[in-house]
Amino acid sequence: MDKGVRKLVTRRLRTTIIFALMVITTGVVQAWGGYGHRVVGEIAETQLTPYAKAKVAELLEGESLADVSTWADTVRPDRPETAPLHYVNFPRDLSKPRQQDLLNAKGNVYTAIVGYSNLVIDESRPVPDRAEALKFVVHFAGDLHQPLHCGLAEDRGGNDVRVTMPDGSQSNLHRVWDSGILNSGVPMSEPDYASKLMNGAGADKLSELTREANVAAWIAESRAAAMTYAYDLPEGSSPRVSADYLQSNLPVVEERLLAAGVRLGALVNLLLNEGETPFEHGVPVFPGEAKPNFGPNTLYPQTGN
């Protein structure tokens with residue numbers, strides 16, 4: 001086996017083992033699972049300019065966006081302060097988050113994407129710091145497009161909603177949307193699945209997805225998908241998730257994966273081609289940093305429902 005191929009296989013195997021151990025020890029599955037995150041990374045790679053692709057390889061020491069797409073999950077047990085950065089849940093009566101939901105003290109997926117994007121382009125920072133920031137951006141772009149990472153605060157984005165799977169096994173709603181729906185589809189490699197999603201999207205759709213870099217709007221999209229599709233369950237404790245539920249929601253999952261990958265590619269192009277972010281303000285990533293002045297801007301034009 002070629003040395004480079006052997007290195008890639010070893011890295012993928014190590015990531016899979018670490019991810020499996022995290023599920024066993026914590027009982028919490030991370031957004032999209034490793035498979036979905038790598039599909040997002042593969043789609044993003046297809047959108048990169050040659051210059052951006054070269055800069056990615058330089059920053060990530062030869063790894064691709066797909067290769068590093070699960071890194072933020074693997075470091076999460078050792079860096080618990082990053083746990084809140086994977087999601088933004090908010091009250092049931094809101095269709096989109098308020099500014100106080102987005103700018104909480106612990107941070108969330110919104111502050112993480114905006115803040116780490118600013119770190120990627122900060123050439124005064126050491127290269128390892130910028131590489132780490134890029135890894136976080138790659139992962140969190142996938143996370144915020146998983147509908148239940150923008151779910152209800154009261155059930156921790158579906159983690160507390162127990163469900164019965166078609167085979168009678170017990171699970172939770174969040175896990176269903178991480179991997180259960182994807183597992184119900186036709187199995188194929190991540191690059192092949194990324195190609196399938198890209199080939200099914202027309203030029204107008206791709207243009208629509210990258211019309212603006214509005215993280216709050218992306219969160220609102222995921223929230224709408226969560227309330228319309230994910231939480232559409234039979235009443236009662238441990239409701240049964242039917243095979244029809246899995247199959248009928250597969251197109252929803254595929255649309256979210258496509259949107260995540262295309263938008264991530266466009267964002268990385270801007271960060272590495274132009275050395276700019278589309279965000280008007282640097283938002284704090286961790287507690288203790290000064291909060292910026294969020295005046296009128298394109299990122300968050302209004303509050304409330």
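Colleague: Why is E154 called exposed?

Modeller: This is a predicted model, and the label rests on a computed value. E154 has a relative accessibility of 52%, and exposed means over 50%, so E154 counts as exposed.

Colleague: What makes the contact of E154 with R92 a salt bridge?

Modeller: The side chains of E154 and R92 meet at 2.7 Å, N to O. The cut-off for a salt bridge is within 4 Å, so the pair qualifies.

Colleague: Where in the chain do E154 and R92 lie?

Modeller: E154 is in the loop between helix 7 (127-144) and strand 1 (162-164). R92 is in the loop between helix 4 (71-74) and helix 5 (99-102). The two are 62 residues apart, and the pair links distant parts of the chain.

Colleague: How do you know that K196 and E254 form a salt bridge?

Modeller: Their side chains come to 3.1 Å, N to O, which is again within 4 Å.

Colleague: What does the pair of K196 and E254 tie together?

Modeller: K196 belongs to helix 9 (residues 190-199) and E254 to helix 12 (residues 243-274), so the pair ties together parts that are 58 residues apart in sequence.

Colleague: Is K196 buried, exposed or partly exposed, and which label does E254 get?

Modeller: K196 has 38% relative accessibility. Buried needs under 20% and exposed over 50%, so K196 is partly exposed. E254 has 15%, which is under 20%, so E254 is buried.

Colleague: How many salt bridges does the structure hold?

Modeller: The structure has 13.

Colleague: What share of the protein chain counts as buried?

Modeller: Of its 305 residues, 52% are buried. The accessible surface of the chain comes to about 13,800 Å², with 53% of that belonging to carbon and sulfur atoms.

Technical notes:
Residues are numbered from 1 along each chain as its sequence is written. This is a predicted model: local features need pLDDT of at least 70, side-chain atom pairs count only at pLDDT 80 or more; totals for chains, interfaces and linings use all residues. Side-chain values use heavy atoms; hydrogens and water are left out. Buried means under 20% relative accessible area, exposed over 50%, partly exposed in between (1.4 Å probe, protein chains only). Accessible areas come from the Shrake-Rupley method with a 1.4 Å probe; for residues, only the protein chains shown count as cover. Helices (H or I, at least four residues) and strands (E, at least two) are DSSP runs, numbered from the N terminus.
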